Amino acid sequence: MVSENISEFYCAVCSENEIKINPHVLKVLQETTETENFTLKLSGSHHLRNVLRLDDQDILALSKCLKNNKSVTGLDLRYNNITDEGVGHLAELLQEESLALRSLDLMLNDFQRNGAEVLAKSLECNSTLLSLRLSGNKMESRGAMQLASSLQVNNTLQELQLADCDLDTQSVIAFSIVLKSNRTLRSVDISRPLLFSLQEEWAVHFSDMLALNSSLVELHLGKMGLSDIGMERLTEGLRQNHGLRYLDLRCNRVTRDGVRFLAGLLEQNPSLEVIDLSSNRIEDVGAMYLSEAVALPGCSLRELSVCCNNIGRKGLLSLAHSLAVSTTLSHLYIWGNLLEEPVCQAFRELTSSGRLPAEQTDVSAYEVDGRVFLAEVFQRLRKHYIRTNCSETDTSNTAAEPFKKHASSTDSNFPPHTSEQRVPLQSNLNPPHTHQHPNRL
């Protein structure tokens with residue numbers, strides 16, 4: 001059995017290197033079933049039992065076990081205590097030519113810029129990894145810049161998550177420069193950087209990038225401090241982009257004026273299918289702008305979240321009406337707005353008629369003393385587009401399958417990524433002229 005081989009090998013490696021056996025690692029290895037491709041789930045957080053989080057020594061033993069292993073295609077190491085030293089061991093593993101690893105999840109560990117730098121160098125010679133998730137590690141500008149530089153050489157990585165990594169304006173702009181020429185990345189998440197400038201230079205650079213990049217499918221720009229002016233700049237590039245499907249703009253500073261530019265974009269751009277505007281402040285007028293765009297025959301929007309946007313009766317009724325007439329919109333999330341009784345009645349009719357299925361919204365209607373109310377249902381807009389077949393705790397044995405599924409229908413239209421010539425990532429930072437209120441039951 002594969003499980004016996006790996007677990008026995010792990011024990012032997014720990015004994016040889018005088019490393020204490022981690023019971024959590026041993027248990028996972030013993031429970032691993034024999035399959036051709038599988039993901040090792042070694043997350044340091046488990047909802048049913050306490051686990052001993054992995055440290056650098058555990059990673060050293062694990063990396064030695066995985067050398068020349070062609071069965072493990074995914075490695076889930078979230079919520080552990082891995083520092084720069086442990087990432088160094090993983091970087092050495094990634095340089096193994098016989099490695100079959102396709103996804104690596106290091107979210108919310110303890111490594112910083114030195115770990116990010118060695119990981120970036122290993123990416124330059126790795127040709128198997130498709131997904132890299134580093135969110136929650138404070139690599140700062142220096143580590144992020146090194147990662148951006150490595151993407152000029154690496155031509156296989158398709159998903160990169162760098163949310164809450166303390167990126168600054170310079171490193172955010174560096175990624176926009178790299179994405180102008182990178183044709184393999186499908187999904188990028190740079191949410192919650194540390195941006196202290198109010199000029200939103202990054203929005204101008206990302207707009208320029210989106211006008212040139214046709215391969216990016218999913219872009220997460222949550223908690224970026226995006227204002228209406230930044231939204232105007234961003235939509236200028238999106239008008240020329242016909243590849244992006246998922247746009248995450250949650251927790252920004254977008255108001256009705258910014259949404260007006262987005263609504264105008266939906267009338268012209270047929271590619272956008274999922275938009276997350278949660279926790280902005282678009283209010284009634286902004287919701288009405290969106291409703292008018294969604295109701296048009298050419299709009300391809302399928303999923304929309306406007307939770308916590310201070311939308312009242314007029315705006316929500318307008319959205320309900322647009323959902324009734326739209327031929328594409330199928331998911332709508334509205335909780336956290338002002339849900340008055342006419343709104344509750346309208347959404348009860350949508351759900352009872354089947355136009356808005358219960359599993360495709362975050363509210364559920366109920367009646368008390370002849371009055372209709374809406375209760376919150378804990379369903380949210382999906383977090384990803386190109387990984388729709390994998391949940392956050394998916395144990396699928398084909399870690400790269402969602403990428404292949406999407407690529408099979410679109411790769412033929414993407415120009416090949418052949419150039420390995422590096423371009424300067426420094427950029428002129430001066431841009432060209434250019435609450436939730438739940439209903440109480």
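**Close-up views of a predicted model**

**View 1. Asp 284 and its surroundings.** The side chain of Asp 284 comes within 3.2 Å of the backbone nitrogen of Gly 315, a polar contact (a pair of N or O atoms within 3.5 Å; within protein, one must be able to donate a hydrogen and the other to accept it, and residues adjacent in sequence count only if both atoms are side-chain atoms). Before going on, note that this is a predicted model, where local features need pLDDT of at least 70 and side-chain atom pairs count only at pLDDT 80 or more, while totals for chains, interfaces and linings use all residues. Residues are numbered from 1 along each chain as its sequence is written, and side-chain values use heavy atoms, with hydrogens and water left out. Asp 284 sits in helix α11 (residues 283-294); helices (H or I, at least four residues) and strands (E, at least two) are DSSP runs, numbered from the N terminus. With a relative accessible area of 22%, Asp 284 is partly exposed; buried means under 20%, exposed over 50%, and partly exposed in between (1.4 Å probe, protein chains only). Leaving out residues up to four places away in sequence, Asp 284 touches Asn 310, Ile 311, Gly 312, Arg 313, Lys 314 and Gly 315, where contact means heavy atoms within 4.5 Å. Asp 284 and Arg 313 are 29 residues apart in sequence, but their C-alpha atoms are 7.6 Å apart in space.

**View 2. Arg 313 and Glu 340.** Here the side chains of Glu 340 and Arg 313 meet in a salt bridge at 2.9 Å, N to O; the term covers a side-chain nitrogen of Lys or Arg within 4 Å of a carboxyl oxygen of Asp or Glu. Glu 340 is in the loop between β11 (331-333) and α13 (341-352), and Arg 313 is in helix α12 (residues 313-325), so the pair ties together parts 27 residues apart in sequence. Glu 340 is partly exposed at 33% relative accessibility, and Arg 313 is partly exposed too, at 41%.

**View 3. Other salt bridges.** The structure holds 22 salt bridges. One of them joins Arg 192 to Asp 164, with the closest N and O atoms 2.7 Å apart. Since Arg 192 lies in the loop between β6 (187-189) and α8 (201-212) and Asp 164 in the loop between β5 (159-161) and α7, the pair ties together parts that are 28 residues apart in sequence. Arg 192 counts as partly exposed at 38%, and so does Asp 164 at 23%. Arg 245 and Glu 273 also form a salt bridge (3.8 Å, N to O). That pair links the loop between α9 and β8 (246-248) with the loop between α10 (256-268) and β9 (274-276), 28 residues apart. Both Arg 245 and Glu 273 are buried.

View 4. Asp 228 lies in helix α9 (residues 228-238). This residue is buried without a salt bridge, and the nearest side chain of opposite charge, Arg 256, is 7.7 Å away; for charges, Lys and Arg count as positive and Asp and Glu as negative, with His and the chain ends not counted. A polar atom of the Asp 228 side chain does lie 3.1 Å from the backbone nitrogen of Gly 258. Setting aside neighbours within four places in sequence, the contacts of Asp 228 are Arg 253, Val 254, Thr 255, Asp 257, Gly 258 and Phe 261.

**View 5. The largest nonpolar core around Leu 40.** A nonpolar core is a set of buried Ala, Val, Leu, Ile, Met, Phe, Trp, Tyr and Cys residues joined through side-chain atoms within 4.5 Å. The largest one has 114 residues, and Leu 40, Leu 75 and Leu 77 touch the most other members. Helix α7 (residues 169-179) supplies the largest share, seven residues. Beyond four places in sequence, the contacts of Leu 40 include Val 28, Leu 29, Leu 62, Leu 66, Val 72 and Leu 75. Another core, of nine residues, lies apart, with Val 274, Leu 381, Tyr 385 and Ile 386 among them.

**View 6. Cysteines without partners.** A search of the whole structure turns up zero disulfides, a disulfide being a pair of cysteine sulfur atoms within 2.5 Å. The sulfur of Cys 11 is 6.6 Å from the closest cysteine sulfur, in Cys 14, which is too far for a bond. For Cys 251, the nearest cysteine sulfur is that of Cys 308, 8.6 Å away.
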